[in-house]
Amino acid sequence: MTDKHQQGWQLENTYQHLPELFYSPSEPAEVEHPELVVFNEKIAAELGLDSTILKEKPEIFAGNHLPDGSKPIAQAYAGHQFGYFTMLGDGRAVLLGEQLTPAGERYDIQLKGSGRTPYSRGGDGRAALGPMLREYLISEAMHGLRIPTSRSLAVTTTAEEILREEALPGAVLTRVAKSHIRVGTFQYARQQGSKADLQALADYTINRHYPEIAEDENRYLSFLYKVIEKQAALIADWQMKGFIHGVMNTDNVTISGQTIDYGPCAFMDRYDPKTVFSSIDEEGRYAYGNQPGIGAWNMARFAESLLILMEDEEEAAIPKAKEAVETYVKLVEGYWLDGMRLKLGMMDKGENDKKLIQHLLNLMQQYQADFTNTFRSLTLEQLEADSKLFQSDAFKKWYQEWQDKLNNQSPSKETAHQLMKQHNPSIIPRNYLVEEALTAASREQNYQPFHDLLTALEDPYAYTKEQEKYTATPPNQPYQTFCGT
Ligand code: AMP
Ligand code: MG
């Protein structure tokens with residue numbers, strides 16, 4: 001027996017052991033006519049949930065019925081949004097509880113788009129179908145790309161219209177994450193709570209995500225280093241796959257190191273560090289090339305919020321915090337370099353590697369080459385005859401240098417290309433494909449393109465024949481994504 005309906009729920013609500021300032025009880029709003037339009041059976045199985053029963057229970061994923069053991073809350077947090085500090089909180093999401101999986105892991109189960117909460121400010125608490133399908137698709141694609149991410153369990157339509165610039169079909173996303181504790185949660189604790197409140201949050205988070213440092217002499221400094229390490233690895237990973245998050249505000253930076261909040265994110269097509277898709281990011285603060293640096297800024301904000309825990313006197317903690325943030329800069333650079341080496345099959349480290357990698361990137365930018373497909377072509381040793389990059393003399397010279405490097409290293413060239421296949425995805429969720437799939441689903445209730453794309457993205461390193469049609473580059477038009485969706 002699992003729960004009394006045998007759906008498999010094993011929910012706990014440990015977040016509610018924290019002081020009350022960290023959350024507000026908040027029931028999801030009842031919707032008119034819930035219908036489950038997408039359901040992730042694989043994650044359901046990992047969570048220990050019974051898909052057969054739950055697929056018939058859209059009312060659970062719309063928020064009309066609470067699963068056994070759920071005590072829903074909205075979480076409080078703050079955040080620097082585009083550099084400016086603001087009080088926030090779950091304005092359109094509720095945490096149903098933490099599911100304990102058969103493997104002994106703990107995952108937050110959150111409904112997003114489930115109505116107003118005490119933190120909704122002026123918002124309606126709702127979400128539109130298109131953006132919720134988008135989060136589902138991109139987060140699952142990120143998982144396929146092996147980038148740490150929140151996952152998506154279900155999308156439920158509500159049969160209610162929500163008002164944006166036009167009337168749109170409403171939907172609720174069921175999101176699964178290691179936790180939703182953010183840098184912004186710590187900023188909130190530092191601003192609004194006592195030292196004891198901040199300490200309670202830090203201890204809770206350490207026990208949940210980094211229990212191995214719980215007994216360290218200065219566990220809060222160790223904690224800072226752990227989070228820095230995770231964020232450096234995560235952001236280097238984004239750079240490696242051409243992913244642009246779009247809103248790297250501190251409220252969207254998790255302490256667990258998972259990517260969350262798929263608002264205006266998108267994958268880059270042509271390589272250009274200045275690439276930005278978000279309609280509101282006019283200054284390019286969160287452009288592709290800025291992401292590693294913004295990570296440092298965000299880690300500095302995290303460090304600031306921990307200072308009073310690290311030393312009795314805040315002043316005394318500052319040099320330690322600074323040193324920690326400086327390690328972030330080295331780490332992200334190191335992870336980036338190691339990752340780029342793997343993308344080029346360079347297994348023996350050499351002094352000139354960085355120069356060689358940067359030279360290729362410069363040429364890609366100059367010839368407006370597609371990021372994913374350039375590495376795909378190099379992996380497959382198929383240098384297309386109609387590619388301006390591949391036909392250029394400068395590239396041919398670079399290629400020779402690279403070949404010399406591969407020929408002179410101890411592992412064979414076959415081994416190098418095997419490695420490249422594991423690190424260069426054959427496909428990514430290209431913006432135009434995502435849009436096509438979302439339009440068919442949200443405007444025509446045709447979910448076939450969505451499911452086909454999702455299936456292709458399950459293993460982007462498979463290099464199968466079926467995946468080939470998704471490698472086509474987009475029609476040449478600017479792409480924009482939107483916040484507050
Ligand atoms: P985001 O840009 O999605 O990270 O959201 C920033 C903040 O705005 C978060 O606190 C959200 O909960 C809140 N928010 C976004 N959309 C809505 C909405 N429709 N209603 C209420 N709050 C919202
Ligand atoms: Mg957010």
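**Entry 1: the lining of the second largest cavity**

I started with residue classes: the second largest cavity is lined by 4 nonpolar, 2 polar and 2 charged residues. I am working from a predicted model, so I keep that in mind throughout. Next I wrote down the names, and the lining consists of Met240, Lys241, Lys343, Phe371, Thr372, Phe375, Asn424 and Pro425. Lysines account for the charged pair, Lys241 and Lys343.

Which helix gives the most to this lining? I found that α11 does, with 3 residues. I noted that α11 spans 371–380, and that α7 also supplies at least two residues here. For volume I have about 40 Å³.

**Entry 2: how many cavities?**

I then stepped back to the whole structure and asked how many cavities of 30 Å³ or more it holds. The count came to 2.

**Entry 3: the largest cavity**

I turned to the largest cavity, where the space amounts to about 100 Å³. Its lining has 16 residues, and I marked Gln231, Leu234, Trp238, Asn252 and Val253 as the ones nearest the centre.

I checked the classes here too: the lining splits into 8 nonpolar and 8 polar residues, with no charged ones. The second largest cavity, for the record, has 2 charged residues in its lining.

Which helices each supply at least two residues to the lining of the largest cavity? I have α7 (219–241) and α8 (291–310) on my list. Of the elements that contribute, α7 gives the most, with 4 residues.

**Entry 4: a helix to revisit**

I am flagging α7 in my notes: this helix supplies at least two lining residues to the largest cavity, and at least two to the second largest cavity as well.

Terms used: Residues are numbered from 1 along each chain as its sequence is written. Chains are lettered from A and ligands numbered from 1 in the order in which they are written. This is a predicted model: local features need pLDDT of at least 70, side-chain atom pairs count only at pLDDT 80 or more; totals for chains, interfaces and linings use all residues. Side-chain values use heavy atoms; hydrogens and water are left out. On a 1 Å grid over the protein atoms alone, a cavity is a set of points where a 1.4 Å probe fits but cannot get out, and a pocket is an open set with protein on both sides within 12 Å along at least five of seven lines; lining residues have an atom within 4 Å of a point. Grid points are joined across faces, edges and corners, and a volume is the space filled by probe spheres set on the points.
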